Amino acid sequence: MSSVDAFDLVVRNARVATASDVFLADIGIRDGRIAQLGRNLPQGAQDIDAAGRTVTPGGVDAHCHLDQPMAPPLRMADDFDTGTRAAACGGTTTVIPFAAQAKGGSLRAAVADYHQRAEGRAHVDYAFHLIVSDPTPAVLAQELPALIAEGYTSFKIYMTYDDLKLDDGQMLDVLAVAREHGAMAMVHAENADCIEWLTKRLEAAGRTAPRFHGLSRPMLVEREATHRAMSLAELVDVPILIVHVSGREAVEQIRWARSRGLKVFAETCPQYLFLTADDLGLDDSYQGARCVCSPPPRDKANQAVIWDGLADGLFTVFSSDHAPFRFDDPQGKKPGGEEVPFRHIPNGIPGIETRMALLYSEGVLGGRITLEKFVELTATHPAKAYGLHPRKGTIAIGSDADLVIWDEGERVIRNADLHHAVDYTPYEGQRLRAWPGTTIANGEVVWNGVFHPRAGKGRFLACGAPTLLPRATRSPAP
Ligand code: DUC
Ligand code: ZN
Ligand code: ZN
């Protein structure tokens with residue numbers, strides 16, 4: 001082999017896992033891409049012996065929040081530097097956070113601002129989803145179609161949160177744009193009016209501790225909104241993806257919709273497998289603010305339903321919904337330095353670094369899902385759902401050389417070992433059976449027990465058409 005053909009890196013004797021196969025191979029890497037898969041590949045400039053170890057595609061975390069602008073005094077703890085550092089150390093090599101339109105603001109301006117926040121800081125590659133909070137005629141007719149054409153091919157719409165939520169008519173308008181331009185619409189499904197009504201009643205009864213956050217957002221409010229979102233999508237005749245599904249009643253709705261032939265994709269997250277309502281507190285202690293997120297964690301029976309949905313294909317993607325707020329911080333869970341009523345606690349928990357290891361440990365090594373299913377949920381399907389496959393999400397010739405080499409063995413999650421900028425992890429003390437031993441991003445070792453910074457080498461990825469969508473959606477809504 002001539003020196004121009006030589007490999008920069010060979011990962012040797014790997015047990016390679018894709019979403020469809022597990023096989024033994026050497027992985028030859030050149031110029032950041034996978035150049036060869038085979039046995040007995042020639043020596044590379046660098047060789048890593050992975051004998052006896054499993055190698056999966058680098059994770060694609062398709063739902064995380066990094067440096068998203070917040071109303072003062074709130075501020076997300078992780079920006080593109082610390083957030084992608086934590087991602088890399090946890091085996092994730094592509095992140096898709098959100099460029100969020102402010103009500104009254106332009107979507108285009110939100111995207112420009114978000115590029116500035118990412119520029120020069122990311123250690124792994126990134127793409128953007130949009131958040132559409134103000135679907136004005138200009139947004140619907142010009143900004144959104146133009147941005148979709150430029151590589152922002154997915155957007156999230158909210159049915160709750162005053163500063164973000166859309167009414168049903170607005171949702172129909174936005175879904176019609178998704179249909180016409182072949183974008184993926186992600187929906188946060190919780191009924192805002194029910195939450196407000198319950199919150200006011202809890203407040204009137206003096207029940208404002210963090211644990212009452214869960215009671216203000218029971219499964220019913222998610223079930224109703226999930227059903228409504230799918231009905232609106234049916235009316236427009238467009239696929240949708242329901243994000244952060246938390247338990248049985250929403251799962252039942254999605255199964256029902258699928259049985260009617262509707263194209264509904266679904267996402268779930270580690271908090272619905274590893275946390276319960278008890279983590280919001282058994283008494284009125286403020287400690288539970290750490291686990292305030294929406295939808296809230298449910299109970300063990302709901303966890304079991306989520307596990308079943310991961311194993312049987314109900315869920316398309318497994319994301320972190322990393323929404324990083326420090327606990328003991330006036331910009332975080334104690335806004336302005338106060339222990340506030342649950343209504344004012346910023347929603348969200350960190351999880352970008354622990355997502356892969358939690359699912360690999362309890363899912364694959366715990367015997368609940370196959371290794372191929374793990375790859376599908378954490379890498380291949382997120383890449384397909386958001387138009388990044390086959391560049392991302394698989395191990396194939398021509399794909400970006402984004403890899404995880406797994407270390408199996410007992411380990412306990414400790415926040416002190418993590419690389420985010422949050423002062424806690426909700427998974428403190430959780431036992432694991434494996435952890436990413438080495439993460440390779442674009443052919444470079446970014447983590448091998450030591451973090452190797454590559455700020456600014458993480459590139460922006462313009463997304464193509466989501467390849468999980470039928471092509472027939474590219475026509476005006478009926
Ligand atoms: N809920 C969301 O919808 N987004 C961020 C975090 C959360 O808890
Ligand atoms: Zn959400
Ligand atoms: Zn989110």
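A: Buried means under 20% relative accessible area, exposed means over 50%, and partly exposed lies in between (1.4 Å probe, protein chains only). By that rule Lys-156 is buried, at 2% relative accessibility. The model is predicted, so local features need pLDDT of at least 70 and side-chain atom pairs count only at pLDDT 80 or more, while totals for chains, interfaces and linings use all residues. Residues are numbered from 1 along each chain as its sequence is written, chains are lettered from A and ligands numbered from 1 in the order in which they are written, and side-chain values use heavy atoms, without hydrogens or water.

Start at the metals. Donors are N, O and S atoms within 2.8 Å of the metal (3.2 Å for Na, K and Ca); water is not among the atoms, so sites may look incomplete.

The zinc ion (ligand 3) sits 3.8 Å from the zinc ion (ligand 2). Lys-156 belongs to strand β11 and His-188 to strand β12, so the pair ties together parts that are 32 residues apart in sequence. Helices (H or I, at least four residues) and strands (E, at least two) are DSSP runs, numbered from the N terminus. His-188 is buried too, at a relative accessible area of 1%.

Now the zinc ion (ligand 3). His-63 (NE2), His-65 (NE2) and Asp-321 (OD) coordinate this ion at 2.0 to 2.1 Å. The sequence spacing here reads H-x1-H-x255-D. Both His-63 and His-65 are buried.

Phe-155 touches, beyond its neighbours within four places in sequence, Leu-130, Val-132, Leu-144, Ile-148, Val-174, Ala-178, Ala-183, Met-184, Ala-185 and Met-186. Contact means heavy atoms within 4.5 Å. Phe-155 is also one of the residues with the most contacts inside the largest nonpolar core, which has 109 residues. A nonpolar core is a set of buried Ala, Val, Leu, Ile, Met, Phe, Trp, Tyr and Cys residues joined through side-chain atoms within 4.5 Å. Helix α7 gives this core its largest share, seven residues.

Helix α4 packs here as well. Its buried residues are Met-171, Val-174, Leu-175, Val-177, Ala-178 and Arg-179. They pack against β11 (154-158) and β12 (184-188), along with α3 (137-149), α7 (219-236) and β13 (240-242). Helix α4 (residues 168-181) has 14 residues and reaches 20 Å from first C-alpha to last, close to the 20 Å expected. The expected span is 1.5 Å times one less than the number of residues. At the start of α4, a side-chain oxygen of Asp-167 comes within 3.1 Å of the backbone nitrogen of Gly-169. Just past α4, Gly-182 has a positive phi of about 70°.

Key
A polar contact is a pair of N or O atoms within 3.5 Å; within protein, one must be able to donate a hydrogen and the other to accept it, and residues adjacent in sequence count only if both atoms are side-chain atoms.
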